[in-house]
Amino acid sequence: MTIEPVAPTEGRPRRRRPAALADPRRSPGDISDPLPDIPPGGAPPRTGHAVSIAGGVAVLRAALRNVPGSPGVYRMLDRKGDALYVGKARNLKSRVQNYTHPAGLSNRLRRMVAETAVLEIVVTATEAEALLLECNLIKRLMPRYNVLLRDDKSFPFIHLTADHKFPQLTKYRGARDKDGAYFGPFASAGAVNRTLITLQKAFLLRSCSDNVFANRTRPCLLFQIKRCSAPCVGRIEPDAYAALLDQAKGFLAGHSHNVQQRLAAEMEHASEALDFEAAALIRDRIRALSLVQGHQDIHVPGIVDADVIAAYQAGGQTCVQVFFFRGAQNWGNRAYFPRHDRQLSVEEVLTAFVGQFYDNKPKPPLVLLSHPLVEQALVEEALSLGGGKRVVLAAPQRGDKKKLVDRVVLTAREALGRRLAESASQRQLLDGVASAFGLEGPLNRIEVYDNSHIQGSNPVGAMIVAGPDGLMKNAYRKFNIRGLDLPQLMPSQSEPPPSHASGAGPSLPRTRGRVSNASASVANSLPCERGRVGVGADVGTAEPVSAGGDDYAMMREVFRRRFYRALKEDPDRERGMWPDLVLIDGGQGQLTQARGIFSELGIDDVPVVAIAKGPDRNAGRERFFIPGRPSFSLEPRDPVLYFLQRLRDEAHRFAIGAHRARREKAIRGSPLDEIAGIGARRKQALLHHFGSARSVARAGIAEIERVPGISKAVAKKVYDHFHADG
């Protein structure tokens with residue numbers, strides 16, 4: 001496989017890409033414009049501030065001179081180098097040539113061609129390899145014009161370890177690189193936890209870690225409630241435990257009927273031997289197996305290991321439901337809502353989904369589909385590559401499998417209906433927020449900020465994000481306060497410069513334009529230390545001031561780091577990093593600090609509102625602070641007020657959780673962690689030798705040198721760390 005980047009010109013000047021068109025349904029330009037060939041070294045023509053389709057076609061025509069007629073993947077890049085589209089082709093030259101005839105393209109493809117500045121290709125041996133590479137690049141680059149599957153979570157598995165005399169039964173996520181048997185995937189943590197509890201009741205396998213196992217002196221509570229056989233203290237022999245393990249593997253592999261028959265025979269044998277206690281225990285194990293089988297509400301004879309993938313499309317959106325069947329058991333389902341152009345058919349969306357979904361997940365031997373895929377034979381061949389097993393894709397037309405697929409389609413339809421209803425309700429609430437605060441235009445991104453600490457220790461700032469689809473948890477951010485801040489802007493100081501107050505009145509100033517020239521100059525002039533420089537401070541000589549317990553200093557640091565990064569990474573506001581509204585959990589003081597940072601960074605078009613708890617911190621009596629307006633409250637039963645309370649409480653929850661995690665980490669930490677050059681092994685050697693970090697601090701250099709693995713230089717470094725004052 002070779003990589004051949006194809007650029008239309010040499011020495012192409014690096015310029016910022018003009019703003020993209022606001023309405024995605026409009027054509028980017030007049031397709032009747034002449035499409036001249038550009039000479040080598042020439043620049044594609046541009047029209048005003050918008051990118052012309054003639055220029056994009058000229059770029060592709062120039063690139064065609066070096067594009068081969070073999071299978072491969074092509075990438076269209078914009079003027080900033082960001083991926084617009086990733087596609088695969090059996091014949092790259094023929095496919096790219098299709099884009100040079102805009103009259104036959106849809107509006108979506110014409111917009112894409114108009115924004116194309118560079119074409120890159122990757123040549124592959126076969127078209128199936130090209131399909132696999134295409135799916136991988138789409139998930140990695142997230143191009144705007146592709147169908148995008150936003151799937152950032154791995155599926156849990158059940159893992160039976162193989163490196164111990166009494167193997168452990170546990171839940172597992174991540175790369176399956178440890179020895180043992182894996183069973184899954186399960187659709188959710190709840191599904192795998194329920195199965196684990198059933199397996200513990202039915203087969204009495206241990207779930208404790210090897211460290212706990214090695215240090216037990218008496219059975220734990222799981223033995224008392226009949227969910228473990230207590231191999232840690234010798235209550236079961238290795239051969240008997242191995243028999244339980246084989247039964248568990250048979251159950252997970254789909255042989256539950258055989259396992260139940262064997263258990264029933266054992267129960268009869270124990271009863272005939274008058275060992276009624278053992279018979280009762282086996283009876284309880286059979287009941288546990290029957291219970292989990294009774295919960296299998298979807299079961300089709302003949303389906304052992306398979307995935308059922310069904311899609312339903314309405315309102316320009318698509319829901320894809322995936323059901324997992326392993327060992328003839330339903331192990332749960334998960335709904336996906338891939339992002340795509342409204343003009344794409346459900347077959348096209350499902351084809352892109354299947355390729356991206358199995359890019360990093362185990363593939364079953366059978367995948368049942370609700371709709372035939374585009375180039376289904378090619379997708380089937382690509383999924384079968386590398387795994388050693390053939391994958392069959394089928395869209396059943398009759399029989400039990402068709403009924404099963406129809407049921408999954410109904411599940412997808414219901415999930416999409418709920419999502420559309422929630423989106424409509426969420427949009428009404430966002431419009432209500434804009435109306436309450438006097439904002440123009442729709443709100444698509446609201447950021448809410450809060451801080452958490454205990455008397456200045458382990459301070460953490462938190463940012464949550466809400467949009468038309470609800471809380472955007474993949475955009476949440478936490479800021480570990482570094483305790484550094486420079487000249488402070490106290491709330492008693494004057495308001496920001498008049499240029500920011502000129503829009504004061506009944507509504508907040510808010511424009512959709514780009515960052516001002518002042519912002520651009522600030523972004524270029526601020527140092528790279530996360531923007532931790534105060535107004536008018538000298539970068540080289542400014543003295544840091546501790547921010548411990550100072551909520552204002554914490555708020556300044558969070559805002560400076562957040563928006564300095566936004567200025568640096570997205571100055572043209574094209575990547576969705578900029579909020580339409582900023583909410584702060586606080587009062588006038590926090591609002592003044594935020595506006596001070598915005599003034600420092602030259603940002604004058606991002607609305608900021610502070611929400612303060614009412615008297616006696618009563619919910620429902622919150623007061624809102626907006627620049628240029630007196631503080632006010634909303635009606636106690638206003639749905640917009642409830643919505644804002646939920647956003648504030650979510651920010652509060654996220655901030656407290658981040659603070660607790662940092663505090664627990666600090667409690668578990670050791671002073672030895674602060675010494676450069678002391679890793680896990682040397683730390684363990686010191687603690688084994690001295691017993692505690694306090695004893696290490698009291699030891700002399702000669703005594704530290706006697707620790708195995710500690711050289712004289714390292715011993716001196718450890719000693720100097722604890723005796724810095726001499």
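This note sets out points on the strands and helices of a predicted model.

1. Conventions. Residues are numbered from 1 along each chain as its sequence is written. Because the model is predicted, local features need pLDDT of at least 70 and side-chain atom pairs count only at pLDDT 80 or more, while totals for chains, interfaces and linings use all residues; side-chain values use heavy atoms, with hydrogens and water left out.

2. Burial of S2. Strands (E, at least two residues) and helices (H or I, at least four residues) are DSSP runs, numbered from the N terminus. In strand S2 (residues 72–77), six of six residues are buried, that is, under 20% relative accessible area with a 1.4 Å probe, protein chains only. Gly72, Tyr74 and Met76 lie on one side, and Val73, Arg75 and Leu77 on the other.

3. Partners of S2. Two strands pair if DSSP finds at least two bridges between them. S2 pairs in the antiparallel sense over six bridges with strand S3 (residues 83–89), where Lys88 is the bridge partner of Val73. Five residues separate S2 and S3 in a hairpin, and Gly81 in the turn has a positive phi of about 90°. S2 also pairs in the antiparallel sense with strand S4 (residues 118–123), over six bridges; Leu77 stands opposite Val118 there.

4. Three-stranded sheet. An open sheet has the order S6-S5-S7, with antiparallel pairing. Strand S6 (169–172) and strand S7 (180–183) stand at the edges with a single partner strand each, so one side of each is left without a neighbour in the sheet. Strand S5 (residues 157–161) and S7 pair over four bridges, and Thr161 stands opposite Gly180.

5. Helix H12. Leu378, Val379, Glu380, Ala382 and Leu383 are buried in helix H12 (residues 376–384).

How values were computed:
Buried means under 20% relative accessible area, exposed over 50%, partly exposed in between (1.4 Å probe, protein chains only).
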